[in-house]
Amino acid sequence: MDNQVKRAVFFDFDGVIMDTESSYTIFWDAQGVKYLGKENFGAQIKGMTLTQIYDKYFLGMEQAQQKIRQGLDELEENMSYEYVAGVVPFIEELRQAGISTAVVTSSNKKKMENVYRAYPQFTAQFDRILTADLFKRSKPDPDCFLLGMEIFGTTPENTYVFEDSFHGLQAGRSSGVVVIGLATTNPREAIADKADSVIDDFRDMTVAKMIGITRKV
């Protein structure tokens, strides 16, 4: 490994670091049926911010928005946050290799405070935590990853993004980085053409394997 090359790795949070997507799917499926008469609504809004969901599906429905926000706050306060298999030792290997790491998430500060209460050591695992309030435009726009590269002084070919949602994968693609998709939220075949490599979890991922992944032309 060339230790002179400055590298950075960006992790989405939900479905990448923490296995929370099933809880969100159940919640949003229920909201879709209740307010919109839509089945399987959770799959339709994967990777979207709450503002994006409101603007697209609940515009002008202020009472519904308020009820959803209350329900979401309660869900996130009581949610069981479980690490995706293999991610903790992989993050530690990155740190030992001197590679910069950041969480780059569309989650807001309030949601992340729930995570910090569950895992007081969480922030110490990364160099930075970049939340939605820091970006002018959320995923699928690439602003979050462009900001991360600016902060760490890395170039796209030496920056790696781990994402699970379509919006996140698109944001990674648009920023020019190496995109590694996790099949935790969507099937492998659904994201294969949107990522440079696809993994099920981090149990077989190493720094050497990651660096060996190159961008598809």
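What do the buried residues of helix 5 pack against? Keep that one in mind, and I'll come back to it once the strands are in place.

Quick housekeeping. This is a predicted model, where local features need pLDDT of at least 70, side-chain atom pairs count only at pLDDT 80 or more, and totals for chains, interfaces and linings use all residues. Residues are numbered from 1 along each chain as its sequence is written, and side-chain values use heavy atoms, with hydrogens and water left out. Helices (H or I, at least four residues) and strands (E, at least two) are DSSP runs, numbered from the N terminus.

OK, strand 1, residues 8-11. Ala8 and Phe10 point one way, Val9 and Phe11 point the other way, and all are buried. By buried I mean under 20% relative accessible area; exposed is over 50%, and partly exposed is in between, with a 1.4 Å probe and protein chains only.

Who are the neighbours of strand 1? Two strands pair if DSSP finds at least two bridges between them. Strand 1 runs parallel to strand 2, residues 100-104, with 4 bridges joining them, and Val9 has Thr101 as its bridge partner there. Strand 1 also pairs with strand 4, residues 159-163, again in the parallel sense and over 4 bridges. On that side, Phe11 is partnered with Phe162.

Now look at strand 4 itself. Here 5 of its 5 residues are buried: Thr159, Val161 and Glu163 on one side, Tyr160 and Phe162 on the other. Strand 4 is joined by 4 bridges to strand 5, residues 178-182, and those two run parallel. The bridge partner of Glu163 in strand 5 is Gly181. To get from strand 4 to strand 5, the chain goes through helix 8, residues 166-175, and this β-α-β crossover is right-handed. That means that, with the strands pointing away from the viewer, the path from the first strand over the helix to the second runs clockwise.

While we're at helix 8: its buried residues are His167, Gly168, Leu169, Ala171, Gly172 and Ser175. They pack against helix 3, helix 7 (143-152), strand 4, strand 5 and helix 9 (188-191), where contact means heavy atoms within 4.5 Å. Just after helix 8 comes Gly176, with a positive phi of about 85 degrees. Leaving out residues up to four places away in sequence, Gly176 touches Pro156 and Arg215.

Back to helix 5, residues 87-96. Val87, Phe90, Ile91 and Leu94 are buried. Why are they on the same side of helix 5? Because they cover an arc of only 100 degrees around the axis, the arc being that of the directions from the helix axis to the C-beta atoms. On the other side, Pro89 and Gln96 are exposed. And the opening question: the buried residues of helix 5 pack against strand 1, strand 2, strand 4 and helix 10 (207-211). After helix 5 comes Gly98, with a positive phi near 80 degrees.

Next, the largest pocket. Its volume is about 590 Å³, and 29 residues line it, with Met48, Thr49, Leu50, Ser106 and Ser107 nearest its centre. Helix 1 (21-36), helix 3 (50-57) and helix 4 (62-78) are the elements giving two or more residues to that lining, and the largest share, 4 residues, comes from helix 1.

Points are joined across faces, edges and corners, and the volume is the space filled by probe spheres set on them.

Most residues other than glycine have a negative phi, and most peptide bonds are trans. Asn40, in the loop between helix 1 and helix 2 (41-44), has a positive phi near 55 degrees. Asn40 is exposed, at 55% relative accessible area. Then there's the cis peptide bond joining Lys139 and Pro140, with omega about 20 degrees; Pro140 is in the loop between strand 3 (128-130) and helix 7. That's me done.

Technical notes. On a 1 Å grid over the protein atoms alone, a cavity is a set of points where a 1.4 Å probe fits but cannot get out, and a pocket is an open set with protein on both sides within 12 Å along at least five of seven lines; lining residues have an atom within 4 Å of a point.
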